[in-house]
Amino acid sequence: MSDLQEVNFSDLLQRPNETVEKLKSSRHRALRVHRRGSEDDLVLTTVQQATEEHEVVDLAVRMLRAVMSDPVLRSQTLLDILPRIFPWSMFLPPEDRIGFAQELVDVMDASSELGVSAPVLTLIAQWRNTADVWADPELLAILRSPHEGDLGPVPRPTVE
């Protein structure tokens with residue numbers, strides 16, 4: 001969304017018609033509305049554009065669900081292209097790749113139904129962290145080693 005044409009919120013308030021006309025010339029048919037003093041910009045689009053985008057997401061989810069429901073397609077299609085979409089997934093064991101793909105489709109389907117995207121992004125981050133563990137032999141060995149009792153305090157994570 002960083003390549004959207006930007007307008008100021010004050011432009012929208014002071015010259016609404018002129019500002020909205022910029023939607024027609026925008027490559028993405030959306031405008032990024034910058035609000036001074038706020039970290040949260042807005043996106044201005046038309047109902048038609050938002051509806052079309054929602055329909056495309058629904059179509060993609062249905063296509064992925066159809067692929068996941070067919071064992072032949074699942075192994076020959078989705079699991080073959082998964083590392084192209086998520087390169088880190090190559091570190092997951094094959095059964096986890098299947099689990100990731102299935103869970104991704106399920107969460108995308110449920111998120112689309114609710115009109116939210118955060119659960120999909122959270123799921124991808126969780127699986128990427130899992131792949132990170134599989135990719136690091138030292139960390140994997142530590143996590144697989146037997147342990148007893150309390151392992152002591154855990155340092156507070158640093159914020160990047």
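This is a chat about the predicted model shown above.

Me: OK, starting simple. How many helices and strands does the chain have?
Reply: The secondary structure comes to 7 helices and 3 strands. Reading along the sequence, you get the pattern β-α-α-β-β-α-α-α-α-α.

Me: Where is confidence lowest, and where is it highest?
Reply: H4 is lowest, with a mean of 79, while helix H6, residues 118-135, is highest at 95.

Me: Got it. What about the overall dimensions: what does the C-alpha trace span?
Reply: Along its principal axes the trace spans about 65 × 45 × 25 Å. The radius of gyration is 22 Å, whereas a compact globule of 160 residues would have one near 15 Å.

Me: What share of the residues counts as buried?
Reply: That's 21% of the 160 residues. On contacts, take the ones between residues at least 6 apart in sequence: 46% of those join residues at least 24 apart.

Me: Let's go inside, then. How many residues does the largest nonpolar core have?
Reply: It has 17 residues, and the ones with the most contacts inside it are Phe86, Trp88, Phe100 and Leu104.

Me: Which elements give two or more residues to this core?
Reply: Those are H3, H4, H5 and H6. H6 gives the most, with 5 residues.

Me: I keep seeing rings in there. How many aromatic pairs does a search of the whole structure find?
Reply: The search turns up 4 aromatic pairs. Let's look at phenylalanine 86 with phenylalanine 100: their ring centres are 5.2 Å apart and their planes sit at 75°, so that pair is edge-to-face.

Me: Why edge-to-face?
Reply: It's because the planes are at 75°, and an angle over 60 degrees counts as edge-to-face.

Me: Where in the chain are those two?
Reply: Phenylalanine 86 is in the loop between helix H4 (71-85) and helix H5 (94-114), and phenylalanine 100 is in helix H5.

Me: Which other residue forms an aromatic pair with phenylalanine 100, a tilted one?
Reply: Tryptophan 88 does, at 5.3 Å centre to centre with 50° between the planes. Tryptophan 88 is also in the loop between H4 and H5, 12 residues from phenylalanine 100, and tryptophan 88 is buried.

Me: What else is tryptophan 88 in contact with, leaving aside its neighbours within four places?
Reply: Besides Phe100, tryptophan 88 is in contact with Ile124, Trp127, Arg128 and Ala131. Trp127 belongs to the ring story too: ring pairs link Phe86, Trp88, Phe100 and Trp127 into a cluster.

Me: Switching topic: glutamine 49. Buried or exposed?
Reply: Glutamine 49 counts as buried, because its relative accessibility is 9%. You'll find glutamine 49 in helix H3, residues 47-69.

Me: What does the side chain of glutamine 49 join up with?
Reply: It makes a polar contact of 2.6 Å with the side chain of glutamate 53. Setting aside neighbours within four places in sequence, glutamine 49 is in contact with His28 and Arg29.

Me: And threonine 19, where is that one found?
Reply: Threonine 19 is in helix H2, residues 16-25. Threonine 19 is buried, with a relative accessible area of 3%.

Me: What does the side chain of threonine 19 reach?
Reply: It reaches the backbone oxygen of aspartate 11, at 3.0 Å. Apart from neighbours within four places in sequence, threonine 19 is in contact with Val7, Asp11, Leu12 and Leu31.

Me: Last one: proline 83. Which helix is it in?
Reply: Proline 83 is in helix H4. At 26% relative accessibility, proline 83 counts as partly exposed.

Me: How many residues lie between proline 83 and arginine 97 in sequence terms, and how do they sit in space?
Reply: Proline 83 and arginine 97 are 14 residues apart in sequence, and 9.3 Å apart in space, C-alpha to C-alpha.

Key: Residues numbered from 1 in each chain as written. Predicted model: local features only at pLDDT ≥ 70, side-chain atom pairs only at ≥ 80, totals over all residues. Heavy atoms only, no water. Phe/Tyr/Trp six-rings, centres within 6.5 Å; stacked < 30°, edge-to-face > 60°. Helix = DSSP H or I, 4+ residues; strand = E, 2+ residues; numbered from the N terminus. Buried < 20%, exposed > 50% of the residue type's maximum accessible area, 1.4 Å probe, protein only. pLDDT = per-residue confidence, 0-100. Polar contact = N/O pair within 3.5 Å; in protein donor to acceptor, adjacent residues only side chain to side chain. Contact = heavy atoms within 4.5 Å. Core = buried A, V, L, I, M, F, W, Y, C linked by side-chain atoms within 4.5 Å. Rg over C-alpha atoms; globule rule 2.2 N^0.38 Å.
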